[in-house]
Amino acid sequence: MIDPFANDHQSMQVGDLVIENQKDKVIIYGDLDLTLDASGYEHAQQLHELMSRVINTFESKNLYNNNDDKSKENDDQLGKDIDNPFL
């Protein structure tokens with residue numbers, strides 16, 4: 001189980017669902033079938049534990065109000081006009 005928002009090197013997998021940890025975000029991608037059997041129940045428990053940890057981190061550190069640790073994707077300078085180098 002990862003420690004959400006604690007580092008940039010942890011990852012885990014639940015079925016074919018991949019969860020990657022970073023200091024400013026948790027990335028979740030892939031597919032997961034929650035079947036009505038023991039395997040589906042185990043996957044659902046893992047997701048529940050992961051989401052509980054993510055929510056607890058939000059609540060304990062107020063990360064949803066903190067913009068200090070921006071990812072590169074969120075650090076674009078959208079408000080600036082840039083000259084077109086092809087003109």
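How many salt bridges does the structure hold? The structure holds 1 salt bridge, where the term stands for a side-chain nitrogen of Lys or Arg within 4 Å of a carboxyl oxygen of Asp or Glu. We'll come back to the pair that forms it.

## Before we start

You're looking at a predicted model, where local features need pLDDT of at least 70 and side-chain atom pairs count only at pLDDT 80 or more, while totals for chains, interfaces and linings use all residues. Residues are numbered from 1 along each chain as its sequence is written, and side-chain values use heavy atoms, with hydrogens and water left out.

## The overall layout

The protein chain has 1 helix and 3 strands. Helices (H or I, at least four residues) and strands (E, at least two) are DSSP runs, numbered from the N terminus. Reading from that end, the order of elements is β-β-β-α.

Of the 87 residues in the protein chain, 18% are buried. Here buried means under 20% relative accessible area, exposed means over 50%, and partly exposed is in between (1.4 Å probe, protein chains only). The protein chain exposes about 7100 Å², with carbon and sulfur atoms supplying 46% of that; accessible areas come from the Shrake-Rupley method with a 1.4 Å probe, and for residues only the protein chains shown count as cover.

## Helix H1 from end to end

Helix H1 covers residues 38–61, which is 24 residues. The expected span of a helix is 1.5 Å times one less than its number of residues.

After H1 comes Asn62, with a positive phi near 50°.

## What H1 hides, and what it shows

Which residues of H1 are buried? They are Gly40, His43, Leu50, Val54 and Thr57. Their cover includes strand E1 (11–14) and strand E2 (16–21).

Ala44, also in helix H1, is partly exposed, with a relative accessible area of 32%. Ala44 and Asp33 sit 11 residues apart in sequence, and their C-alpha atoms are 9.8 Å apart in space.

Now for that salt bridge: the side chains of Arg53 and Glu49 meet at 3.4 Å, N to O. The two are 4 residues apart in H1, so about one helical turn separates them. Arg53 is partly exposed at 32% relative accessible area, and Glu49 is partly exposed at 37%.

## The nonpolar core

A nonpolar core is a set of buried Ala, Val, Leu, Ile, Met, Phe, Trp, Tyr and Cys residues joined through side-chain atoms within 4.5 Å. The largest one has 7 residues: Ile2, Phe5, Met12, Val14, Ile19, Leu50 and Val54. E1 and H1 each supply at least two residues of this core. Val54 touches Pro4 and Phe5 (contact means heavy atoms within 4.5 Å), leaving out residues up to four places away in sequence.

## A buried Asn

Asn7 sits in the segment before E1. Is Asn7 buried or exposed? Asn7 is buried, because its relative accessible area is 12%. Its contacts, leaving aside neighbours within four places in sequence, are Asn21, Gln22 and Lys23.
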